[in-house]
Amino acid sequence: RRLATHKPSPRAPVTPETAMSAFAAVATAGYRVNPGPRRPSLGELRTSGAEKPVLIRSLKKGSVVASARSEASAEADSFYDVTPEYCGVPIKITGRPKRIVLLRHAESEGNVDETMYQRKPDHRIELTERGKKQARQAGLALKELLDPDEQVYVYVSPYTRTMQTLYELGQTLGPERVSGVREEPRMREQDFGNFQDHTMQELKKERHGFGRFFFRFPNGESASDVYDRVTSFRETLRNDMNFGRYTENCTVLIITHGLTLRVFLMRWYKWTCDMFDKLRNPGNAELVVMERGERGRYSMLSESQGEDFLRKMGFTEDMIEDQRWARTASMSDLNSSWATSKGAIFFESFPDRLEASRRAVKRADETYFSRSETTRRQAMKEAKTKKAYDEDLRPHG
């Protein structure tokens, strides 16, 4: 009955073209770019002169409207050399924030006393007093990066220590500078398997021999597991850019954990597993800045963050060169000299990588058998003790 009496609103007409364009802007996370000739869209055929319809989302939720904008102005704020399209329909990409700042939580109880993980759930570990000061200092450092009218949109891990870091940071940054906050469980710490017992130190030694990216803790996660959920978050982040959740004069702040931060960078910049293994965590509450370059790509080289900082994190010279390239590259450019683009690491240098893998296997064998022998002797000792105890309980006579 309601459908029979419903009348569509005349303020937001939806045509096949507007519906397809709205779908395209939302559904395509990869921004397929077609640099070659294309068939004009229906909207272009209906429009004459230099004015071209550019589809934008209206402020009213759920409606799509068409407005005219000159071709020159439409291209002026684009980060692409050519107009991104979907099914022949131009897509307007907006909302790429000025920078993305990654922040490892401030110093926590677990950083100064690892036995805390045996007595307290990982997600409830709190900051130390020193950590609270670090977080407030990070707020001041972030404030210096921002323009006077620039806002911050925050994604934060739900762990107590990351939430506390955000709270303390807000005391010096100012909550009024925060345009929105989203709790993001996908950016939580690597799961180590509930309470961590006395074997954790041995497991971490074993991880170095096995391989840091693929080693999975019992009842926990490997870095490759974290990679999967970080990939999902990355797509959410890109969709939020398309939805207009923040403007181009905005900083996105992601408060997370050391390994998760490194995995995020690995996924964003398409690093290999070998590259990841060489990376080191930034310090507690240390800003890691991805600055938007002059043509739209994000680079970790900026006025506030130089090459020495990247080397300290474990970047190779090739990785640093890729960051130099990103400062001036457009969104549609491809770094042909990057190792994974030209395929050199999969062909010319693969024998060296294979030999390095064999050396790692040897180290893993030595570590594993050493630990296994220790465990075997401990088990035998415990078995003998239990046998003697049972014999004492056995009735005599």
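What follows takes up a helix pair and then a pocket.

Guide: This is a predicted model, in which local features need pLDDT of at least 70 and side-chain atom pairs count only at pLDDT 80 or more, while totals for chains, interfaces and linings use all residues. Residues are numbered from 1 along each chain as its sequence is written, and side-chain values use heavy atoms, with hydrogens and water left out.

Visitor: Why are H7 and H8 called oblique to each other?

Guide: Helix H7 (residues 129-145) and helix H8 (residues 160-173) pack at about 50 degrees, with axes 7 Å apart. Angles under 35 degrees count as roughly parallel, over 145 as roughly antiparallel, 65 to 115 as roughly perpendicular and the rest as oblique. H7 and H8 are therefore oblique.

Visitor: What makes residues of H7 and H8 count as meeting?

Guide: Contact means heavy atoms within 4.5 Å. Among those that meet are Ala-135, Leu-142 and Lys-143 in H7 and Glu-168 and Leu-169 in H8. The residues of this contact divide into six nonpolar, four polar and four charged; Ala, Val, Leu, Ile, Met, Phe, Trp, Tyr, Cys and Pro count as nonpolar, Asp, Glu, Lys and Arg as charged, and the others, Gly among them, as polar.

Visitor: Which residues lie nearest the centre of the second largest pocket?

Guide: Cys-273, Asp-274, Asp-277, Lys-278 and Ala-356 do, out of 26 lining residues. The lining comprises eleven nonpolar, six polar and nine charged residues.

Visitor: Which helix gives the most to that lining?

Guide: H16 does, with eight residues.

Technical notes:
On a 1 Å grid over the protein atoms alone, a cavity is a set of points where a 1.4 Å probe fits but cannot get out, and a pocket is an open set with protein on both sides within 12 Å along at least five of seven lines; lining residues have an atom within 4 Å of a point. Helices (H or I, at least four residues) and strands (E, at least two) are DSSP runs, numbered from the N terminus. Axes are lines fitted to C-alpha atoms, for helices over the stretch in contact, and angles run from 0 to 180 degrees between N-to-C directions.
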